[in-house]
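Student: I would like a close look at one part of this structure. Please take me through it step by step.

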Amino acid sequence: MSDTEQNLNELLLMRREKLKELKNKGKDPFLVEKFEYTHHSVDIKENFEELEEKEVAIAGRIMSRRGHGKVSFLDLQDSKGKIQLFVRYNTVGEEAYKELSLYDIGDIIGVIGEVFKTKAGEISIRAKEIILMSKSLQVLPEKFHGLKDQDLRYRQRYVDLIVNPEVKETFILRTKMIKAIREYLDARDFLEVETPILSTIAGGANARPFVTHHNTLDIDMYLRIANELYLKRLIVGGFEKVYEMGRMFRNEGMSPKHNPEFTSIELYQAYADYEDMMELTENLVSYVAEKTLGTLKINYQGQEIDLTPPWKRIDMAEAVKEYTGVDFSTIDTDEEAIAVAKGKGIEIKEGMTRGHIINEFFEEFCEQHLVQPTFITGHPVEVSPLAKRNPEDPRKTNRFEAFINTWEIANAFSELNDPIDQRQRFEEQVRQKSLGDDEAHPMDEDFINAIEVGLPPTGGLGIGIDRLVILLTNQASIRDVLLFPTMKPLND
């Protein structure tokens, strides 16, 4: 055992000994059930003139302490900030003052006292009564250095929030942004609904699902990878505008932009198309930025990004031509496309067609250039199994993906409502799965039955909430905007 580990163990033992002594005195902090506070630290500081020399009650965690004979100073941190406590021997009483020696940094206390300003000019509380409500049996990171280990910050977010309180602001902003999204949609008569998280078919996207088992029914089920197909069933049923915001689950790789469970919103509007969804997307994102940040010009990791509508629009094949010089309008066959792809170092997989290769070119050579908000349109049918074909070029679909900072943040299309075409697309997806594509879309007979009943022309949109929050809060990773990101368990 190292000296550091031994010292830490001794500190932990000392805290437990202090707890034991408190219990022996009949002062078990864990028996305290409630404390009625009147103010938060920031309220006291912002309203000092009104509260000076008046009694307040405040609760929070001890973050530092220093003593000078019969006077002690404690810094108390609550959910909104910090405030200094001034504790004098003859004010709280001899026994209570002695008990301060049994308090540690991290302990949770309630304080009743009067607001005043010290000679140094610091707004403080002159404590009259202190109630210990929870004894911290762990040692918090040293206050001047905080919790810096990034991995440990994600694993122990509760400690991160204590010693790095500025982290709270990111999550407060996240909540405000989600609220603003709902405000925008609710004001436009969209109805928020709830659809199943567990399903027998993992549909609505091309992704690998998580598999679980329903014991009573004795069947395998999947955590949803998208809620698209259920929401479109509601449009069939007569709702005209619906949305759902919630967790999705994809059993895929992890990166600064990917977490296995993530938050997204999908919305559907009857009698609308993908161009309506473009307008909705740029206006929704700009509304959220203006509402929560007060600006449409954000700075992400040193890069200035302007969210002001309208955003740039460019066809996928045109983007490929712009950034690679390859003109797919002159390439008609799969064989020609494969030959060009090989020349550019694109990996060729069994079953790939011209459409697949256009998409591969775009992902490999174009996405990296899309820093300012951009709508990419004209996705090939092969990679868009749920989108309506473009009537002028049936090899394309009326679909877009929205990119900001090279990331896809939204995906939308004029929804495919031709049940015959939909069945053929699903059958092709099943064939792709048989060739080894684990993310190909499964057959969904009930969904086909639903659109055979009749799906009106519909515009659909999905937005990745986490990525949007990353951008708007200027965070480096998706883990910085998830309170509890997925982490591999530690062996020890």
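Student: Where does threonine 263 lie, and which residues does threonine 263 touch?

Tutor: Keep in mind that this is a predicted model. Threonine 263 is part of strand 11, which covers residues 261-270. Its relative accessible area is 10%, and because buried means under 20%, threonine 263 counts as buried. Leaving aside residues up to four places away in sequence, threonine 263 touches Arg174, Met245, Gly246, Arg247, Ile463, Gly464, Ile465 and Asp466. Leucine 185 is 78 residues from threonine 263 in sequence, and the C-alpha atoms of the two are 17 Å apart in space.

Threonine 374 is found in strand 15, residues 374-377. Its relative accessibility is 4%, so threonine 374 is buried by the under 20% cut-off. A polar atom of the threonine 374 side chain lies 2.8 Å from the backbone oxygen of glutamine 372. With residues up to four places away in sequence not counted, the contacts of threonine 374 are Lys312, Ile314, Glu401, Ala402 and Phe403.

Leucine 11 belongs to helix 1, residues 3-24. Leucine 11 has a relative accessible area of 41%, so this residue is partly exposed, a class that runs between 20% and 50%. Together with Met14 and Val139, Leu11 makes a nonpolar surface patch of about 240 Å².

How values were computed:
Residues numbered from 1 in each chain as written. Predicted model: local features only at pLDDT ≥ 70, side-chain atom pairs only at ≥ 80, totals over all residues. Heavy atoms only, no water. Helix = DSSP H or I, 4+ residues; strand = E, 2+ residues; numbered from the N terminus. Buried < 20%, exposed > 50% of the residue type's maximum accessible area, 1.4 Å probe, protein only. Contact = heavy atoms within 4.5 Å. Polar contact = N/O pair within 3.5 Å; in protein donor to acceptor, adjacent residues only side chain to side chain. Patch = residues over 30% accessible without salt bridge, like charges linked within 9 Å, V, L, I, M, F, W, Y side chains within 5 Å. Areas by Shrake-Rupley, 256 points an atom, 1.4 Å probe, with all protein chains shown as cover. Salt bridge = Lys/Arg side-chain N within 4 Å of Asp/Glu carboxyl O.
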